[in-house]
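Student: I would like to go through this structure and ask what stands behind the terms used for it.
Tutor: Go ahead.

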Amino acid sequence: MTETVSTTRQGVGESVRRPDATLKVTGEFAYSSDLWLDGMVWGVTLRSPHASAWIRSIDIGPALAMPGVLAVLTHEDVPGEKFYGLEHKDQPVLAIDQVRYQGEPVALVAAEHPETARRAAAAIVVDYEVREAVTDPRLATEFVRRQPVRVGDTFAAEVVVTGEYEVGMQDQAFLGPESGLAVPAEDGGVDLYIATQWLHVDRDQLAPCLGLPPEKVRLTLAGVGGAFGAREDLSMQVHACMLALRLDRPVKIVYGREESFFGHVHRHPAWMRYEHGATRDGKLVYVRAEILLDGGAYCSSSPAVVGNAASLGVGPYEAPNVDIVATGVYTNNPPCGAMRGFGAVQACYAYESQMDKLAAACGLDPVEIRVRNAVSQGSALATGQIIDSPAPLAEMLRELAAMPMPGPAAEDLRDLPGGVSQTTHGEGVRRGVGYGVGIKNICFSEGFDDYSTARVRVELIGGEPHATVHTAAAEVGQGLVTIQAQIARTELGIDKVTVATADTKVGSAGSSSASRQSYVTGGAVKAACEAVRERFEGLPVVEALEKHGPIEETREFRHRPTYPMDPVTGQADSHTQLALCVHRAVVDVDVELGLVKVVELAAVQDVGRILNPAALEGQIHGGSAQGLGLALMEEIQVRDGRVLNPSFTDYLIPTVLDMPPMQLSIMENPDPAAPYGLRGAGEPPTLSSTPAIVAAVRDATGVALTRVPVRPEHIVGIPTR
């Protein structure tokens, strides 16, 4: 069918304003934590204080005796299956005979008032037999997944550099804590209003645990205050539903900030050893790597994270000989799972650090070493997969290097490391410049049935054509609602478009992760609109609707197939699409105090085709900010399985004062296999910004810096534990 693009305003390619923008700026937007229903009660979760322990007994009597307490539930009250999980059902709804991490849910309380529920939860007496926790992943013996990638047999070279690198545990740090409202229904089912990333996978985990058929567990997306991967797994969903069904009353659960740190997965900490061999002129001969990822107490999405780390462990470079082994292990640390970048972030920090080492060893500029080894269309990844769409990495690097540099260090104290605290007046400040390159897979990989469903209805309202788009795709801040409407306007030539609230009344749209929704749900909306348009029979829209009445079509969209990686060699066409981003960082460092000021970030990213310029720029800025956080400040500090800093007082995230000005160059080299030629854009900036910033700090200080986040003591050489 010939593709038609309307001239309607606010279509594909326009900077269309988000429909929720004003409400969010003014504080009027309703998030899931704002949900309210007459007669509702409050739920609270009791969590384990221990990282590893047997449960000898649970005495709920003191809690039940408190006035205002309506129910106290333990694992014995789970009405259906007692385990759930995103990929494997290994996580108990409530702890049964043991706890495997600090913060594991043990019991639930419902009360008329949230404070009563909290006091009642604290009154529950749990007799624990504490046991030794496995907290060092290097000593762990239980594997989530072990994935090699091997090709070639030459592992000797003229120039060899090695390095060992570590990535700390990063939190997604969304501002809206986990929350939702469960409402019992007359048919014996339950309606759940929830902030999540994947409505249908939530439902498919919930229904068996509740002992209900899927059609009696109905989910509607509530206002989401950020996600970044942490809302892929269940948190309070099953707990709220259990209480609501037990009491036959609506139940609301809202985590506080501290509980939120225990209530969701985090980015996997990583330990990596790399060896790069090259010719004297800097051409890669081989890459060897061992990548160890701490998955924590339960599986979550660790197998996919391991697969990404392994398949992308060389980075966007041509290496004829590769020997990589990525391993994920179970420990008694907090569970880890999806976070923006999803396994590729950890590997990127290591391989980019190695490329800088290799540049120095070969006497080359950091940009030049990358240009000489850059992939392009037709290159093979370490997995043997051929890059069959544009990948102009060398061009991107040259464009980045040609961008103007910022001016000299400012004299204003507010622009110096330490800011207005006047730790310096510039006497100990050194400037550094660094580069980072990242490659990220887009959409789900390794044979996953990755699809989305869209229903589009066109009807006359007040004599004017109006389109309604209905999908289950979660809007988590990335601008998907806006994109769906833009596509409908473009394909149908109709200005008035409504995007219905996402729920499970329509087929699955998959997860809002892996930078996939514009590709897959965008593709589904486009296909449904094309099907509607075919039924116009060549008539003007109004005439067609007057003749036929409302026209409605539902379509599924699947991207091209992918395949599981070979368990021995890792060879496979495992990915749908690949995206590139390159960063340059300029920093000022107080070398005496170890304080860092990021002066500027510059980025070049190829996005295939721009659907919404303003939203796209926001994604690049946001991804860069999270990469900055990992580089310099963000880490959940865990000691002996215990989280030491579960608050935004002690877990630091970049603010507007930490985020520097950015120069952006956005390239459009369409991918012929993707709708509109687009290329998923949300994750790649998170990869390359971290190594670029650390490289710049190394350039300013001369310190090796093999761990992120970089702390002041690393820069000034104070020994740490």
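Student: What volume does the second largest pocket have?
Tutor: The model is a predicted one. In it, the second largest pocket has a volume of about 950 Å³.

Student: Which residues line the second largest pocket, and which of them lie nearest its centre?
Tutor: Its lining consists of 41 residues, with G418, V596, K597, M633 and D658 nearest the centre. Two or more residues each come from β24 (595-606), α14 (613-632) and α16 (712-716). With five residues, β24 gives the most.

Student: How does the lining of the second largest pocket divide into nonpolar, polar and charged residues?
Tutor: There are 25 nonpolar, seven polar and nine charged residues in that lining.

Student: Why is S624 called buried?
Tutor: Buried means under 20% relative accessible area. S624 has 0% relative accessibility, so S624 counts as buried. This residue is found in helix α14.

Student: What makes the pair of S624 and H583 a polar contact?
Tutor: The cut-off for such a pair of N or O atoms is 3.5 Å. The side chains of S624 and H583 make their polar contact at 2.8 Å, within that cut-off. Leaving out residues up to four places away in sequence, S624 also touches L601, M659, M662, P685 and S689.

Student: Which residues of helix α3 are buried, and how do you know that they are on the same side of α3?
Tutor: In α3 (residues 114-123), the buried residues are P114, T116, A117, A120 and A121. They cover an arc of only 155° around the axis, and therefore lie on the same side of α3.

Student: What covers the buried residues of α3?
Tutor: The cover includes β1 (41-47), α2 (61-64), β3 (69-73) and β7 (105-111).

Key: Residues numbered from 1 in each chain as written. Predicted model: local features only at pLDDT ≥ 70, side-chain atom pairs only at ≥ 80, totals over all residues. Heavy atoms only, no water. 1 Å grid on protein atoms, 1.4 Å probe; cavity = no way out; pocket = protein on both sides within 12 Å on 5 of 7 lines; lining within 4 Å. Points joined across faces, edges and corners; volume = space filled by probe spheres on them. Helix = DSSP H or I, 4+ residues; strand = E, 2+ residues; numbered from the N terminus. Nonpolar A, V, L, I, M, F, W, Y, C, P; charged D, E, K, R; others polar. Buried < 20%, exposed > 50% of the residue type's maximum accessible area, 1.4 Å probe, protein only. Arc of directions from axis to C-beta. Contact = heavy atoms within 4.5 Å. Polar contact = N/O pair within 3.5 Å; in protein donor to acceptor, adjacent residues only side chain to side chain.
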